[in-house]
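Here is my note on the model shown below. Please read it with the structure open.

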Amino acid sequence: MPEVVEAGEGRTARIVVVDDDPDIRELVRRALVPEGFAVTTAGSGAELRAVLATGACDLIVLDVMLPGENGLEICRALRRTSSVPIIMLTVLAEEGDRVAGLDVGADDYLAKPFGTRELIARIRAVLRRAGGAAGPGAAVYRFAGWTLDTLRRRLTSPEGAMVRLTAGEYDLLVTLLEHPGQVLSRDRLAEMAKGRMAHLFDRSIDIQVGRLRRKIEPDPKEPTLIQTVRTGGYILSIPVEREG
Amino acid sequence: MTRLSTRVVWAVAAVLLLSQAASLFFYHVAGHDARLRQHAVDIGARVVAMASLLERLPGAQWPSVLETFAGTAMQAIVERIPPGQIPSSGHRAERLIADEVARRAPGRAGDNMAVFCRLAGHHHAAPIVGASTLDILDFLGLHDLAGADSVTIGIRIGGDRWLKVVAPMAGAYEVWSLRFMAALFVTSALTVLLAAWVTRRLTRPLVDIARAADGVGLDGGDPVPEDGPGEVRHLAQAFNRMQSRLAGMVEERLRLMAAIAHDYGTLITRLKLRAERMADDEDRQSVNRDLSLMQGMVDTTLAYLRGREGAEPAEAVDLATLVQSVCDEMADAGGAVAYRGPDRLPACCRPNSIERAVVNLIDNALKYGGGAEVSLAIAGNDAVLTVEDDGPGIPPEERDRVFEPFYRVEKARTLSPGGVGLGLSIVRNVVSAHDGEVRLEDRAPRGLRVVLTLPLSPRAR
């Protein structure tokens, strides 16, 4: 018996999957149902509106590349009347598509081809945020001159340059920023970072920390931002300002 | 290979030389001969007339008659010379004058007259016999060898008295005068220069077309200006039409690729979702491997098409973290990728394009070389990114072509699936969009080194 995912008010979360390819719709539906979601599918913007007219919905998975009215237009139109969470499916995980999706009001995006585990993790994260539960939301963190915009997944250095992080480094940094001044053990870090996203850590936490230090520490050999705790673990030892 | 203009100049010079030579020849043979005859008739007639006049007058009146020549080019005197053999220079004028004298007064010909042409620079080695050699030489004026060209005519006017007339050899060799030759040379040189200038002008559009033809790749080129003479303009128009047909074909091909890439994207998404339902772990993993190869091809194609559209804005980006992240991610995915360089390097660039270029280079290094050594350094105002492998390398003659879209080194076709022949084209497009440079080098002892030079900040244009 699968665990039932509850929406904010304690009922099964209802997901609408919008994609013009019937096979993909069916495959996604089959992947989501065992995870405890109630899934309806739609092949176009018109079908989506028909589905929405018949009942409430907790989250929409929306393909960008739809014939006729495309995903971005549908999303923009929906946002005028509704704040239902939307995850966009893009063809390329490029900045352009990503920003376009976020600009029209999507809550997250996922590049095709995607794995179901990744999709489920994103759906859960977005639902948690929408339900107001404690957890990572779209936020802007500022620390030691650095800025991290989680909506756009963008880290900016004190000099104003965009600093590229690997997925693992990003997850690690977000986890640390969510718990400033707290000692986090390696296991806990790994668990939390994994929970945030579906990225599996191919490398140990120590290696990820080492790489992150090279990118953000003024002197990676004498780290002042991410410090090692002798009992095992790491601590972000500087004040963090959070917006959003 | 000789240039067309050079050939035309040579041809013009040759024709000019030939025609000048011909006209000189005719001037010399025909013109000169006519003048020489006229001269001979003139001198012969005067000398005969004067000899007859002198014979009819008493000797006391001779000086006043001879003086009538004063002020003309001719000189006339009466001398006594001992009999002797008068030499001959063998010049045609001698024969012509003697003939004229014989025609007018047959009695004065033969031993009663002598004609001698004296030409400057000519050697008069004719034998002079008899006791009075010196007198004869004196009579002919041969002691004064520096004199001008002249003809001396002697006519016996009774006993041992001779009328001697010295006349200039008019116009004999003035063809070869310095002024004439200088004029000839100057006009010839001007003609050749004019020909050179005209042909240069005529052939310049051809040079432009050739240059444009060199610049045409599969990703287009600039049209050539359609001007110049008719034929050249036709050539330029035909060339431009061919170029636009070529560009049209490439566009068509790219549209097709875009359509295929999009459809493949859908299929790959389906297959990836289906693969997750496969029971056998090993099967699922190999299907996923194939799918990521296919996805790589689709991504490359779309990236290339996107790159042609341009559009990504440049922004402040830390280049070192970008390269490091790509290296780390590819190393995490199982590739032997090592990064050497600074931890941070702020620059101004288009991050997604640069990332795509770096991914493509490392991808190639992993595919053909089994590993990639990536290094980043600063040289002046440029960032220098080097990707090295120890694979088979690329032979020098193919190094330009590998940047063309769809071109693949022969071995690459069989070696690896998952390539569409666009990887290096994308790199080149990205680099040129950044005003940078890319070059391929040999790496010792084996392997390939790709060097990217990117300005750290956009250059003022």
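1. Start with A:Thr150. At 12% relative accessibility, this residue counts as buried (under 20% relative accessible area is buried, over 50% is exposed, and partly exposed is in between, with a 1.4 Å probe and protein chains only). A:Thr150 sits in the loop between β7 (146-149) and β8 (154-156) of chain A. Helices (H or I, at least four residues) and strands (E, at least two) are DSSP runs, numbered from the N terminus. A polar atom of the A:Thr150 side chain lies 2.7 Å from the backbone nitrogen of A:Ala139.

2. A word on the ground rules. This is a predicted model, in which local features need pLDDT of at least 70 and side-chain atom pairs count only at pLDDT 80 or more, while totals for chains, interfaces and linings use all residues; side-chain values use heavy atoms, with hydrogens and water left out. Residues are numbered from 1 along each chain as its sequence is written, and chains are lettered from A and ligands numbered from 1 in the order in which they are written.

3. Next, the interface. Chain B and chain A bury about 3,300 Å² between them, with 50% of it on carbon and sulfur atoms. Buried area here is the accessible area (1.4 Å probe) that two parts lose on being put together, summed over both. On the chain B side, B:Leu273, B:Asp332 and B:Arg344 lose the most area to chain A, together 18% of what that side buries. The contact (heavy atoms within 4.5 Å) takes 35 residues from chain B and 40 residues from chain A.

4. Which charged pairs cross between the chains? The count between chain B and chain A is ten salt bridges. The rule for each is a side-chain nitrogen of Lys or Arg within 4 Å of a carboxyl oxygen of Asp or Glu. B:Asp332 forms a salt bridge with A:Arg211, with the closest N and O atoms 3.0 Å apart. That pair runs from helix α8 (residues 319-332) of chain B to helix α8 (residues 205-216) of chain A. Both B:Asp332 and A:Arg211 are buried. B:Glu329 also forms a salt bridge with A:Arg164, at 3.1 Å between the closest N and O atoms.

5. Across chain B and chain A, 18 residue pairs are in polar contact, both residues being at pLDDT 80 or more. The term means a pair of N or O atoms within 3.5 Å; within protein, one must be able to donate a hydrogen and the other to accept it, and residues adjacent in sequence count only if both atoms are side-chain atoms. On the side of chain B that touches chain A, the elements giving two or more residues are α6 (230-275), α7 (281-309), β5 (315-318), α8 and α9 (351-369) of chain B. α8(B) gives the most, with nine residues.

6. Now the salt bridges within chains. The whole structure holds 37 salt bridges over all chains. One of them joins the side chains of A:Arg124 and A:Glu35, at 3.5 Å from N to O. This pair links distant parts of chain A: A:Arg124 is in helix α5 (residues 116-130), A:Glu35 is in the loop between α1 (22-32) and β2 (38-42), and the two are 89 residues apart. A:Arg124 is partly exposed at 27% relative accessible area, and A:Glu35 is partly exposed at 28%.

7. Chain B has its own charged pairs. B:Glu404 forms a salt bridge with B:Arg401, with the closest N and O atoms 3.7 Å apart. B:Glu404 is partly exposed, at 25% relative accessible area. B:Arg401 is partly exposed too, at 40% relative accessibility. A network of salt bridges links B:Glu373, B:Glu388, B:Arg439, B:Glu441, B:Arg443 and B:Arg449.

8. Strands pair if DSSP finds at least two bridges between them. β11(A) and β12 (residues 234-236) pair over three bridges, and A:Thr228 has A:Tyr234 as its bridge partner in β12(A).

9. Last, chain B strands. β5(B) and β7(B) are antiparallel over four bridges, and B:Glu315 stands opposite B:Cys349 in β7(B). Strand β7 (residues 346-349) of chain B has a covered face, B:Ala347 and B:Cys349, and an uncovered one, B:Pro346 and B:Cys348.
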